[in-house]
Amino acid sequence: MSDDIILDIRNVTKQFPGVTALSDVSLQIKRGEIHGLCGENGAGKSTLMKILSGVYPFGTYEGTILYEGQELRLGEGSIQEAIKKGIAIVYQELTLVPNMNVGENVYLGKEPTENGSINWNKLYSDTRDILQRYNLDVDPQTPVKDLGVGKQQMVEIAKALSENAKILILDEPTSALSEAEIASLMDILRSLKSHGVTCIYITHKLDEFFRITDTVTVLRDGKTVVTKPTSELNQQQLVSYMVGREMKERFPKGNRKPGDVIFEVEDLHAEDPSDSTRMLLRGVSLNVRQGEILGIAGLMGSGRTELVTTIFGEYGKVVKGTIKLQNRELKINSARDAMQFGISLVPEDRKRLGLVLIQSILKNISLPNLDRFASFFRINADEELAAANQQARNLAIKAPHMEVAAETLSGGNQQKVVIAKWLLSNPKVLILDDPTRGIDVGAKYEIYKLMNELAEQGVAIIMISSDLEEVLGMSDRVMVMCEGRSSPILELADATQEHIMKLATGIA
């Protein structure tokens with residue numbers, strides 16, 4: 001193996017009962033490069049990274065992995081073994097302890113000791129050295145709970161680097177970051193590269209491959225499709241390699257014909273239920289027509305999620321304003337109230353708020369709809385299964401059977417299960433909070449088509465999105481949130497990116 005190749009993956013195959021997750025995957029990663037790993041959910045990216053990081057030990061897969069010229073044979077329970085060899089992974093879901101400070105998190109489980117006690121001076125000085133070496137702007141003694149998501153991401157990276165990592169795997173590192181935090185992360189990765197650290201970079205945001213990576217490998221259906229220098233690719237080629245077909249448009253054009261206004265929010269004010277001095281909403285007004293997609297844009301912290309969770313009866317305490325459906329004023333005190341009125345919410349965090357991960361696809365889909373299948377204090381299991389199967393077919397949920405646990409599905413299929421359970425309730429108003437966050441381009445396209453179909457059937461859709469292109473590509477009209485307040489609703493012709501950003505930042 002050439003000296004400039006740090007990782008040589010040869011013909012790796014990994015099988016689970018009934019599923020081949022990786023099939024004869026081969027790729028080489030050069031020392032000191034930023035190597036992008038690209039593919040739809042279920043393409044095998046996570047499985048391959050779990051092999052490299054020791055989650056799936058040697059002997060549970062076929063093929064050979066050479067690391068610095070030697071075969072990588074990580075044993076059972078070998079995550080720590082991988083870290084000691086210099087292979088570290090930063091997961092999309094952060095693993096920090098909020099009540100500990102930065103230094104305590106970085107050296108958790110490997111604290112420097114002296115005479116049987118933790119040497120706190122060394123712990124903090126070593127943490128400071130790591131942070132300064134890689135231009136990570138964080139104070140070692142700051143409690144992690146006081147940091148924003150971007151700074152917490154930096155602490156995760158410092159934690160991985162504290163073991164002198166030679167290969168750093170980053171799994172969806174920017175999914176919850178602002179644009180400024182993403183730019184800061186890119187600078188950190190360039191610094192890591194200059195220090196000789198090899199990075200494997202996984203993301204669904206295709207533009208990021210062109211911002212930061214040297215090489216990109218595309219996986220599809222568990223197989224290697226191509227490995228090329230990033231400079232020889234463009235976004236359209238990358239999408240074609242990922243989905244195996246040419247996609248002529250990112251945002252499919254439906255045949256929506258919005259009708260009369262069906263849902264209205266007027267001058268809504270809401271306070272934090274645990275702190276009455278903190279106002280979440282400061283006069284929000286909107287209306288949605290039957291068969292329309294209303295896009296809601298705004299920066300993180302603008303009140304977008306607070307608005308829709310308050311409408312759904314699950315967060316803010318309404319102190320002023322009205323919510324109307326079909327000209328009828330609603331009093332919504334809980335999610336059950338909202339559901340009975342015909343309002344459904346697909347939440348931003350599908351794993352924490354949208355699914356019972358250890359339960360089956362069947363149980364997740366039927367959970368909010370059990371009244372439909374209950375009679376004489378029993379659940380009609382045949383009706384429940386038939387209805388769930390129909391939803392799974394309609395949304396093309398990919399799974400061996402309906403008894404598979406939701407936690408085993410790819411991100412895109414998990415999102416489809418969340419949508420399926422709410423569609424089963426036949427909503428009049430469907431609220432989607434960042435519905436395509438963390439899912440691949442192919443699954444996004446399927447969700448866009450589904451949104452069009454629902455709107456064509458007369459469902460009023462409210463869609464929050466952090467992706468301005470998505471807002472403009474899928475909406476009929478756009479509302480912008482800033483500091484708990486709403487802008488006047490914009491017709492699409494007036495909703496330019498520049499205008500939206502001025503409203504979102506309070507300039508306009």
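# Close-up views of a predicted model

View 1. Buried means under 20% relative accessible area, with exposed set at over 50% and partly exposed in between (1.4 Å probe, protein chains only). Strand 3 covers residues 34–38; 5 of its 5 residues are buried, so the strand is largely enclosed by the rest of the structure. Strands (E, at least two residues) and helices (H or I, at least four) are DSSP runs, numbered from the N terminus. This is a predicted model: local features need pLDDT of at least 70, side-chain atom pairs count only at pLDDT 80 or more, and totals for chains, interfaces and linings use all residues. Residues are numbered from 1 along each chain as its sequence is written, and side-chain values use heavy atoms, with hydrogens and water left out.

**View 2. The partners of strand 3.** Strand 3 pairs with strand 10 (residues 198–202) in the parallel sense, over 4 bridges. Pairing requires at least two DSSP bridges between two strands. Tyr201 is the bridge partner of Gly36 in strand 10. Strand 11 (residues 215–220) also pairs with strand 3 in the parallel sense, over 4 bridges. There, Val216 stands opposite Gly36.

**View 3. The largest cavity.** The whole structure holds 2 cavities of 30 Å³ or more. The largest has about 40 Å³ of space. On a 1 Å grid over the protein atoms alone, a cavity is a set of points where a 1.4 Å probe fits but cannot get out; a pocket is an open set with protein on both sides within 12 Å along at least five of seven lines; lining residues have an atom within 4 Å of a point. Grid points are joined across faces, edges and corners, and a volume is the space filled by probe spheres set on the points. His35 and Leu37 are among the lining residues of the largest cavity, as are Leu7, Leu27 and Ile200. Helix 1 gives the largest share of this lining, 3 residues. Strand 1 (5–16), strand 2 (19–30), strand 3 and helix 1 (45–52) each supply at least two residues. The lining has 9 nonpolar, 1 polar and no charged residues. Ala, Val, Leu, Ile, Met, Phe, Trp, Tyr, Cys and Pro count as nonpolar, Asp, Glu, Lys and Arg as charged, and the others, Gly among them, as polar.

**View 4. The second largest cavity.** This cavity has a volume of about 30 Å³. Gly150, Gln153, Met154, Leu177, Glu181, Ser184 and Leu185 line it. Helix 5 (149–161) and helix 6 (179–194) are the elements that give two or more residues to this lining. By class, the lining has 3 nonpolar, 3 polar and 1 charged residues.

**View 5. The second largest pocket.** The volume of this pocket is about 400 Å³. Of its 18 lining residues, Ile79, Gln80, Ile83, Ile89 and Lys159 lie nearest the centre. Helix 2 (79–85), strand 6 (87–90) and helix 5 each supply at least two residues of the lining. The lining has 10 nonpolar, 4 polar and 4 charged residues.

**View 6. Thr230 in its loop.** Thr230 is found between strand 12 (223–229) and helix 8 (235–243). Its relative accessibility is 6%, so Thr230 counts as buried. Leaving aside neighbours within four places in sequence, Thr230 is in contact (heavy atoms within 4.5 Å) with Phe209, Phe210, Thr213, Asp214, Thr215 and Val216.
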